[in-house]
Amino acid sequence: MTKAHVYKRDHINTDEIIPARYLNTDSEAELAEHCLEDLDKNFVKKVKSGDVIVAGEDFGCGSSREHAIWAIRGAGVQTVIAKTFARIFYRNAINNGFYVIESPDALEKIKDGDKVEIDYKAGLIKNETAGIDIKFNPLPDFALEIINDGGLLEHITKGTTD
Amino acid sequence: MGMTITEKIMARAAGEGKVLPGELIDAKLDVVLFIDVTGPAAVSMLEARGIDKVFDREKIVVTPDHFQPAKDIKSAELHKRLDVWARRHNIKYYYKLGRAGVCHALLPEQGHIRPGEVIIGPDSHTCTYGAFAAFSTGVGSTDLAAAIATGKLWFRVPESIKFVLNGKLGPGVYSKDVILTVIGRIGVDGALYKAMEFVGPALSDMSMEARMTMTNMAIEAGAKNGIIGFDKVTKKYLDEHLKDKKDYKVFDSDKDAEYVRVEEFNCSKIEPMVALPHLPSNAVPVTECAGKKMDQAYIGSCTNGRIEDLRIAAKILEGKEVTIRTIIVPATPTIWKQAKDEGLFDIFYDAGCVISAPTCGACLGGFMGVLAEGEKCVSTTNRNFVGRMGHPKSEVYLASPATAAASAVNGEITDPRNYL
């Protein structure tokens, strides 16, 4: 079951996602233990594999640390749904083959703990608890290409950018 | 329709005559920065895929900075991975401990930044180099890995916002106060994905150091890059600092270039500013928060750890004693030596400050001045997010070196104009 963890906040920044005191490692498993620690101490305890994070505008602003993506992915999170994303976080997500969803409505239409299903191809978030569908614009083609290849490095080693 | 300076530089890097905002390009990179906290991960990614090459050992600049000298065993391991890799590839510009410094102060100082070029780095404040009429932006470790191996990266050409800085800064007011005013007006995502182009008469009075403080914080408004055109101040700095490669190409925005927005500022009216916790956009004039008790003052970082910043702080601290913990962090070894030779260290010592080795250190809550629960720090750095400099319940107040120094003397937020 995919559960939504909703944070009604804008500008959730990389210092909250993974504080710099843990940047002395790049191990995804270690980083995952501290995911969102300064925003919600209980997040790591309650998150289950496949869950999603829902938030407001400018998610992931601040540092360029890719550790933010690794911490979130390592914690088992399937995707982040936000009104908007900060530029470097968004780019890092695509480069890691981690699909993130931009949706202006999700924060209003999903409550903390709601059960959701995501159809990436159709661009649809189904809120099964509330019985409503939320549409989103799928990522642009170039980003999908990178994601489908499994990330930027797989993409370029395939030689498709040359 | 003409092109902006950002568009022209990106077109050059893409080998195109013209590019338009929104267009995706493959850009050739002129300089690739490599640092301790984000670099080793890129190397591991490449190694895991059996790739062990660098596109050009003379175009990669390596320096440990965030946690240097190593603050604990794990960061020592990061430095070791950086060192092994840089030596194996015989990286030409590898600044080891003793020559290493805060990257965004070090690269211009050591002559690695040239107008018209494209520079990327695995640190969000890589946008600093835009002060030299260059395109520079921060990326993550995966981008760095791709950049190291191929010398190219994909970019979406950003729309540009023009910031017109009219007037003249008053006494006690610095470029830090201007950029805090700008971010205060447009918000921390006010320039999301955009280029922030700064123009106007107030810039001509600003040194390259002061300009770098402005472009450094473009990311704090969500921007992809900050950029300032070339003039005689730029030329003088480059004449004094460029070493091996001294040629460069200057681009200017066309008169009919297109901007999504124009924001005008009368800099004569800007006061010393303080960004209150927990966003850089919470900027208020110092007069509105003067008297707020502080536990620490921090003067350093890629935003305000240059020699000019230390001179400004020293001028206020001379002959006085600080009443709170005050940490001075010269951003590079050269700045450290300059400050020592100019007698600034004596002033700092006499005032009761501690002087650190060059490091990013406590700016990001690493070490050398981390805050305890409930503590407040007036800091010349760039971010004041929750937990940025230490405990999640500590607070950071962003300000200029003058405001930080004046506040260090009084132990509370203080208008630096009281000490002019």
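In the predicted model described here, residue B:K292 touches B:E412 and B:I413, when residues up to four places away in sequence are left out of account. B:K292 is situated in the loop of chain B that lies between β13 (283-285) and β14 (296-299).

At the level of the whole chain, chain B is divided into domain 1, covering residues 5-265, and domain 2, covering residues 275-419. The centres of these two domains of chain B, taken over C-alpha atoms, are separated by 24 Å. To the contact between them, domain 1 of chain B contributes 35 residues and domain 2 of chain B contributes 31 residues. On the side of domain 1 of chain B that touches domain 2 of chain B, at least two residues are supplied by each of the helices α4 (103-109), α6 (175-186) and α8 (208-216) of chain B, and the largest share, six residues, comes from α6(B). Sorted by class, this side of domain 1 of chain B has 13 nonpolar, 14 polar and eight charged residues.

Chain B also meets the other chain, with 42 residues of chain B in contact with 35 residues of chain A. The elements of chain B that give two or more residues to the side touching chain A are β1 (24-28), α2 (39-48), α3 (73-88) and α5 (141-150); of these, α5(B) gives the most, with six residues. By class, the side of chain B that touches chain A has 20 nonpolar, 12 polar and 10 charged residues.

One of the elements on that side, α2(B), is largely enclosed by the rest of the structure, because seven of its 10 residues are buried. The buried residues of α2(B) are B:G39, B:P40, B:A41, B:A42, B:V43, B:M45 and B:L46. These buried residues pack against elements of both chains, namely α8 (152-157) of chain A together with β2 (31-34), α3 and α5 of chain B. After α2(B) comes B:G50, a residue whose phi is positive, near 70°.

A sheet in chain B may be described next. Strands of a sheet pair through backbone hydrogen bonds, in either a parallel or an antiparallel manner. In chain B, four strands form an open sheet in the order β10-β9-β8-β11, and the pairing is parallel. The edge strands of this sheet are β10 (225-228) and β11 (261-266) of chain B, each of which pairs on one side only, and the twist from one strand to the next averages 20°. Within the sheet, strand β8 (residues 160-166) of chain B runs parallel to strand β9 (residues 195-199) of chain B and is joined to it by five bridges; B:V164, for example, has B:V199 in β9(B) as its bridge partner. The helix α8(B) packs on the sheet, touching β9 and β10 of chain B, and the direction of α8(B) makes about 150° with that of β10(B).

Technical notes: Residues are numbered from 1 along each chain as its sequence is written. Chains are lettered from A and ligands numbered from 1 in the order in which they are written. This is a predicted model: local features need pLDDT of at least 70, side-chain atom pairs count only at pLDDT 80 or more; totals for chains, interfaces and linings use all residues. Two residues are in contact if their C-beta atoms, placed from the backbone, lie within 7 Å. Domain bounds come from an automatic or database domain assignment. Ala, Val, Leu, Ile, Met, Phe, Trp, Tyr, Cys and Pro count as nonpolar, Asp, Glu, Lys and Arg as charged, and the others, Gly among them, as polar. Two strands pair if DSSP finds at least two bridges between them. Axes are lines fitted to C-alpha atoms, for helices over the stretch in contact, and angles run from 0 to 180 degrees between N-to-C directions. A residue is buried if 20 or more other C-beta atoms lie within 10 Å of its own, exposed if 12 or fewer, and partly exposed in between; C-beta atoms are placed from the backbone.
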